[in-house]
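Me: Please take a close look at a single part of this model. I would like a picture of its own residues first, and then of some places elsewhere in the chain.

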Amino acid sequence: MTVTPLGIPRRMLEFTIDGEEARVPEGSTILDACRAAGKDIPTLCEGDTLRPKNACRVCVVEVEGARTLVPACSRKAEPGMEVHTDSERARHSRKVVLELLASSVDLSTTPRVAEWLKEYEAKPDRFGPDAARLNEEPKVDNDLYVRDYDKCILCYKCVDACGDQWQNTFAISVAGRGFDARIAVEHDAPLTDSACVYCGNCIEVCPTGALSFKSEFDMRAAGTWDESRQTETTTVCAYCGVGCNLTLHVQDNEIVKVTSPHDNPVTHGNLCIKGRFGYQHVQNRD
């Protein structure tokens with residue numbers, strides 16, 4: 001018999017989103033309510049397996065009576081609240097944030113950013129060719145994954161996934177101040193000399209491709225990476241008895257990377273080094 005925990009019932013809150021009535025369980029965020037209502041709110045730093053960090057500010061909305069725009073990913077819904085997701089003020093703020101990000105960071109592998117730049121008529125080029133950029137070569141110091149900080153927006157999701165929210169390895173943190181701020185291991189050493197256990201949970205939550213599988217990085221460099229030709233198959237990891245779910249991404253009959261379903265009650269998107277990177281034996285045809 002399977003026992004399904006129901007949890008404590010939560011009362012429903014009523015408020016309005018863009019003039020329409022909305023009802024969500026107590027404790028829900030404005031972003032939760034917007035998604036339930038079919039509102040497409042852009043967001044980069046928000047992750048469904050992590051606590052909100054309020055770092056990117058792309059999801060800001062206007063709330064009647066609030067002095068400033070509020071981040072929808074973390075602001076809890078309240079009874080009687082009047083939320084405006086598409087006001088001129090909110091749209092202008094998102095436009096400026098997208099312009100600032102796109103002018104200083106390589107967002108070429110960030111899902112949906114090109115669509116948002118067009119939707120909000122953002123013009124990153126208006127800052128000119130002298131806009132400050134990192135211009136660092138990708139760090140390829142191991143055979144499993146690559147760190148390309150030219151694509152990093154400092155959302156801190158990788159730090160949280162490596163730290164007290166999931167892995168508790170604390171191998172990475174933020175180093176430096178201002179524009180010199182970086183995600184780095186202790187003393188900015190090579191990854192192989194750090195406390196990293198290569199679980200790859202940081203890759204799982206990275207929204208921009210700043211962290212990527214070495215296999216994906218190599219295929220993109222060769223021009224062979226094509227997600228439209230990839231299939232996804234979810235299975236169970238066979239390395240131990242925990243029962244972690246794996247999603248195998250396959251292109252041309254080869255596994256190109258492994259992820260894990262975020263809604264799985266065992267893994268919540270997290271894996272160990274064997275589950276995420278130990279798939280080569282499956283396609284050993286010698």
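Reply:

**Helix H6 in its setting**

Of the 286 residues in the chain, 47% are buried, where buried means under 20% relative accessible area, exposed means over 50% and partly exposed covers the range in between (1.4 Å probe, protein chains only). Please keep in mind that this is a predicted model, in which local features need pLDDT of at least 70, side-chain atom pairs count only at pLDDT 80 or more, and totals for chains, interfaces and linings use all residues. Residues are numbered from 1 along each chain as its sequence is written, and side-chain values use heavy atoms, with hydrogens and water left out.

The chain has seven helices and 12 strands; helices (H or I, at least four residues) and strands (E, at least two) are DSSP runs numbered from the N terminus. With a radius of gyration of 21 Å, close to the 19 Å of the globule rule for 286 residues, the chain is as compact as a globular protein of that length. Here the radius is taken over C-alpha atoms, and the rule is 2.2 Å times the number of residues to the power 0.38. Among contacts between residues at least 6 apart in sequence, 56% join residues at least 24 apart, a contact being heavy atoms within 4.5 Å.

Now to H6 (214–222). Which of its residues are buried? They are Lys 214, Glu 216 and Met 219. The buried residues of H6 pack against E6, E9 (211–213), E11 (245–251) and E12 (254–259).

The structure holds 21 salt bridges, each defined as a side-chain nitrogen of Lys or Arg within 4 Å of a carboxyl oxygen of Asp or Glu. One of them joins Lys 214 and Asp 218, with the closest N and O atoms 2.9 Å apart. These two are four residues apart in H6 and therefore separated by about one helical turn. Lys 214 has a relative accessible area of 19% and is buried, whereas Asp 218, at 35%, is partly exposed.

What happens just after H6? Gly 223 takes a positive phi of about 80 degrees there. Ser 228 sits in the loop between H6 and strand E10 (231–236), and at 65% relative accessibility it counts as exposed. Its C-alpha atom is 9.1 Å from that of Gln 251, which is 23 residues away along the chain.

Most residues other than glycine have a negative phi, yet Arg 57 has a positive one of about 65 degrees. Arg 57 is in the loop between H1 and E3 and is partly exposed, with a relative accessible area of 35%. Tyr 156, in the loop between E6 and H4, likewise has a positive phi, of about 70 degrees; at 27% relative accessibility, Tyr 156 counts as partly exposed.

That loop between strand E6 (145–147) and helix H4 (157–162) also holds Asp 150. Asp 150 is buried yet has no salt bridge, and the nearest side chain of opposite charge, Arg 133, is 6.0 Å away. Not counting residues up to four places away in sequence, Asp 150 touches Val 105, Asp 106, Leu 134, Asn 135 and Glu 136.

Two further loop residues are buried. Thr 49, between helix H1 (30–36) and strand E3 (60–63), has 14% relative accessibility. Apart from neighbours within four places in sequence, Thr 49 is in contact with Trp 166, Val 205, His 262 and His 268. Ala 72, between strands E4 (70–71) and E5 (82–84), is buried with a relative accessible area of 0%.

Definitions and conventions:
Lys and Arg count as positive and Asp and Glu as negative; His and the chain ends are not counted.
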